[in-house]
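Here's a quick tour for anyone meeting this structure for the first time. Have a look at the picture, then read on.

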Amino acid sequence: MDLTGLLGLPSQALAGFLLTALVFELTPGPNVAYLSILGATQGRRVGMSGVIGVTLGLCVVGAAAMAGLSALLQATPFLFHALRWAGAGYLMWLAWDTWQGADPTAPPDKVRITAQEAFFHGFILNLLNPKTLLFYAVVLPGFVPVGSQMVAQTIVLVLFTICLSTAYHSGLVMLAGSAQGHVTQSPYGGVIRRGMALALAGVAIWFALRTGY
């Protein structure tokens, strides 16, 4: 029996959903920006801790979406934008922290962060990102056929998005981690870190100023 038979989903619906979810993941956002900079400045081990935090955040968001939070955000634009602004503010704070770590006289806790801190930041950042909640509310239902298996199929598709996201973010961190030596050992390391901090701040501003869902 093939995978689509096991899931009870039409093959076209499953393929369309996976393609849509992939495009969704490739769209730049807070998670991509933060994990890229985390891997480049802190290395792969700490970066992967950030990925685990993001993944756990996705699990919580997926559960909240199925409990009705996505529909609530879609029906209440104020709550959606409040969550988005909170996420942008948190991302801006992370950018400021990265900027401070570029100072040669910065204390060690500003230059290096622990795996636990990376996990926490990734978890909180993902909770404050309404993009995934709206994806579950607006996009996902279009791929689930009406029937007795709707709940089970929705859970399966949410799990697919979590697995896809984790794989993508892991690859991103591994790739960014290969640049860590250039960032930490280069005489221009401070300049590079400040450039990354500005890029992170730019994403925060873009995220805050978005007017649509």
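Leaving aside neighbours within four places in sequence, Leu 172 is in contact with Val 32 and Ser 36, where contact means heavy atoms within 4.5 Å. You're looking at a predicted model, so local features need pLDDT of at least 70, side-chain atom pairs count only at pLDDT 80 or more, and totals for chains, interfaces and linings use all residues. Residues are numbered from 1 along each chain as its sequence is written, and side-chain values use heavy atoms, with hydrogens and water left out.

**The whole chain**

- The protein chain has twelve helices and zero strands; both are DSSP runs numbered from the N terminus, with helices being H or I over at least four residues and strands being E over at least two.
- Read from the N terminus, the order of elements is α-α-α-α-α-α-α-α-α-α-α-α.
- Of the 213 residues in the protein chain, 45% are buried (buried is under 20% relative accessible area, exposed is over 50%, and partly exposed is in between, with a 1.4 Å probe and protein chains only).
- Take the contacts between residues at least 6 apart in sequence: 86% of them join residues at least 24 apart.

- Leu 172 sits in helix α10, which covers residues 150–177.
- Leu 172 counts as buried because its relative accessibility is 16%.
- Leu 172 and Arg 44 are 128 residues apart along the chain, yet their C-alpha atoms are separated by 9.8 Å.
- Ser 165 is found in helix α10 too, and it counts as buried because its relative accessible area is 1%.
- Setting aside neighbours within four places in sequence, Ser 165 is in contact with Glu 25 and Leu 58.
- From Ser 165 to Glu 25 it's 140 residues in sequence but 6.4 Å in space, C-alpha to C-alpha.

**Leu 38 in helix α3**

- Helix α3 spans residues 30–42 and holds Leu 38.
- With 4% relative accessibility, Leu 38 counts as buried.
- Not counting residues up to four places away in sequence, Leu 38 touches Gly 43, Val 46, Gly 47, Gly 50, Ile 113 and Ala 118.
- Leu 38 and Gly 177 lie 139 residues apart in sequence, and 8.2 Å apart in space from C-alpha to C-alpha.

**Where α4 meets α8**

- Helix α4 (residues 44–66) and helix α8 (residues 115–127) pack at about 35°, with axes 7 Å apart; axes are lines fitted to C-alpha atoms, for helices over the stretch in contact, and angles run from 0 to 180 degrees between N-to-C directions.
- The α4 and α8 crossing is right-handed, a label used when the near helix is turned clockwise from the far one by less than a right angle, with anticlockwise being left-handed.
- Among the α4 residues that meet α8 are Val 46, Gly 50, Gly 53 and Gly 57, while the α8 side includes Ala 118, Phe 119, Gly 122 and Phe 123.

**Towards the surface**

- Leu 19, Leu 22, Val 23 and Leu 26 form a nonpolar surface patch with about 360 Å² of accessible area together.
- Patches are made of residues with over 30% relative accessible area and no salt bridge, joining like charges within 9 Å and nonpolar side chains (Val, Leu, Ile, Met, Phe, Trp, Tyr) within 5 Å; a salt bridge is a side-chain nitrogen of Lys or Arg within 4 Å of a carboxyl oxygen of Asp or Glu.
- Leu 26 belongs to helix α2 (residues 11–26) and is partly exposed, at 47% relative accessibility.
- Trp 85, in helix α6 (residues 77–100), is partly exposed, with a relative accessible area of 47%.

Key
Accessible areas come from the Shrake-Rupley method with a 1.4 Å probe; for residues, only the protein chains shown count as cover.
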